[in-house]
Amino acid sequence: MTTKALSSESSLVSIVMGSDSDLACMAEAAKILEEFEVPFEITVSSAHRSPERTIEYTADAPDRGIHVIIAGAGRAAHLAGVIAAHTTLPVIGVPVDGGPLNGVDALYATVQMPPGIPVATVAIGSSGARNAGILAVQILALKFPELDDKLKAYKANLSEGVAKKAARLSEIGYREYLTN
């Protein structure tokens, strides 16, 4: 397998959301990609209100250099599934929170895909969007080894943060910890 250097000339990840109201959530995926210096594009395209646009955008993704698509939508949340039906690229679905069911409907719509049309689905809301960004980086790290080094450093930093919190909790006790 040959690897190539990470290039900032074209986007490697596409972030697609069903509505601009999903932007606050999906921006968390963008922040992760920025942190890892992964070039990405971000747009709005609805599975229901603009199905032709969604299909065309998805079909053109490989020609634009896209390797992974992150699709976020709320409520009926068919966007990730429609995209997955029209590409062989990995699709990560983010169920956006909100609506009367607080994103549970979006979770079910995103995760319950028929055999042959997989969508990797993360948690509801902004923590899920962050994980979608990390998962996209992990997928890209298979081709771009410098991302693997950044992921190892990222996870080591997470571990150090937990150790610091545990030490602080032991030092001051839970009551003081809760008030700080």
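## Helix 4 and its buried face

In helix 4, which spans residues 104-111, the buried residues are Asp105, Ala106, Ala109 and Thr110; buried means under 20% relative accessible area, exposed over 50% and partly exposed in between, for a 1.4 Å probe and protein chains only. Viewed down the axis of helix 4, these buried residues fall within an arc of 125 degrees, so they line one face of the helix, the arc being that of the directions from the helix axis to the C-beta atoms. Helices (H or I, at least four residues) and strands (E, at least two) are DSSP runs, numbered from the N terminus.

The model is a predicted one, in which local features need pLDDT of at least 70 and side-chain atom pairs count only at pLDDT 80 or more, whereas totals for chains, interfaces and linings use all residues. Residues are numbered from 1 along each chain as its sequence is written, and side-chain values use heavy atoms, with hydrogens and water left out.

What do the buried residues of helix 4 pack against? Their partners are strand 3 (68-73), helix 3 (79-85), strand 4 (91-95) and strand 5 (120-121), where contact means heavy atoms within 4.5 Å. Threonine 110, located in helix 4, counts as buried at 2% relative accessibility. Not counting residues up to four places away in sequence, threonine 110 touches Ala77, Ala80, Gly93, Pro95, Val119 and Thr121.

## Overall architecture

The protein chain contains 6 helices and 5 strands, and read along the sequence these follow the pattern β-α-β-α-β-α-β-α-β-α-α. Its C-alpha trace spans about 60 × 45 × 30 Å along the principal axes, and of the 180 residues in the chain, 41% are buried. Among contacts in the protein chain between residues at least 6 apart in sequence, 68% join residues at least 24 apart.

## The largest pocket

The largest pocket holds about 280 Å³ of space. It is lined by 19 residues, of which Asp22, Arg49, Ala73, Gly74 and Arg75 are the closest to its centre. On a 1 Å grid over the protein atoms alone, a pocket is an open set of points with protein on both sides within 12 Å along at least five of seven lines, a cavity is a set where a 1.4 Å probe fits but cannot get out, and lining residues have an atom within 4 Å of a point. Grid points are joined across faces, edges and corners, and a volume is the space filled by probe spheres set on the points.

By class, the lining of the largest pocket has 6 nonpolar, 9 polar and 4 charged residues. In this scheme Ala, Val, Leu, Ile, Met, Phe, Trp, Tyr, Cys and Pro count as nonpolar, Asp, Glu, Lys and Arg as charged, and the others, Gly among them, as polar.

## An aromatic pair

The structure holds 1 aromatic pair. Phenylalanine 36 and tyrosine 154 form this tilted pair, at 5.3 Å centre to centre and with 55 degrees between the planes; rings of Phe, Tyr and Trp (its six-membered ring) pair if their centres lie within 6.5 Å, and planes under 30 degrees apart count as stacked, over 60 as edge-to-face and the rest as tilted. Phenylalanine 36 lies in the loop between helix 1 (23-35) and strand 2 (40-44), and tyrosine 154 in helix 6 (residues 145-179), so the pair ties together parts that are 118 residues apart in sequence. Phenylalanine 36 is buried, with a relative accessible area of 3%, and tyrosine 154 is buried at 14%.

## Positive phi angles

Most residues other than glycine have a negative phi. Glutamate 37, although not a glycine, has a positive phi of about 60 degrees; its place is in the loop between helix 1 and strand 2, where glutamate 37 is exposed, with a relative accessible area of 57%. Alanine 77 also has a positive phi, near 50 degrees, and lies in the loop between strand 3 and helix 3, but alanine 77 is buried, with a relative accessible area of 5%.

## Sequence separation and spatial distance

Threonine 54, in helix 2, counts as buried at 2% relative accessibility. Threonine 54 and isoleucine 83 are 29 residues apart in sequence and 7.1 Å apart in space, C-alpha to C-alpha. Leaving aside neighbours within four places in sequence, threonine 54 is in contact with Ser45, Ser46, Ala47, Leu79, Val82 and Ile83.

Aspartate 148 lies in helix 6 and is partly exposed, with a relative accessible area of 30%; aspartate 148 and alanine 71 are 77 residues apart in sequence and 23 Å apart in space, C-alpha to C-alpha.
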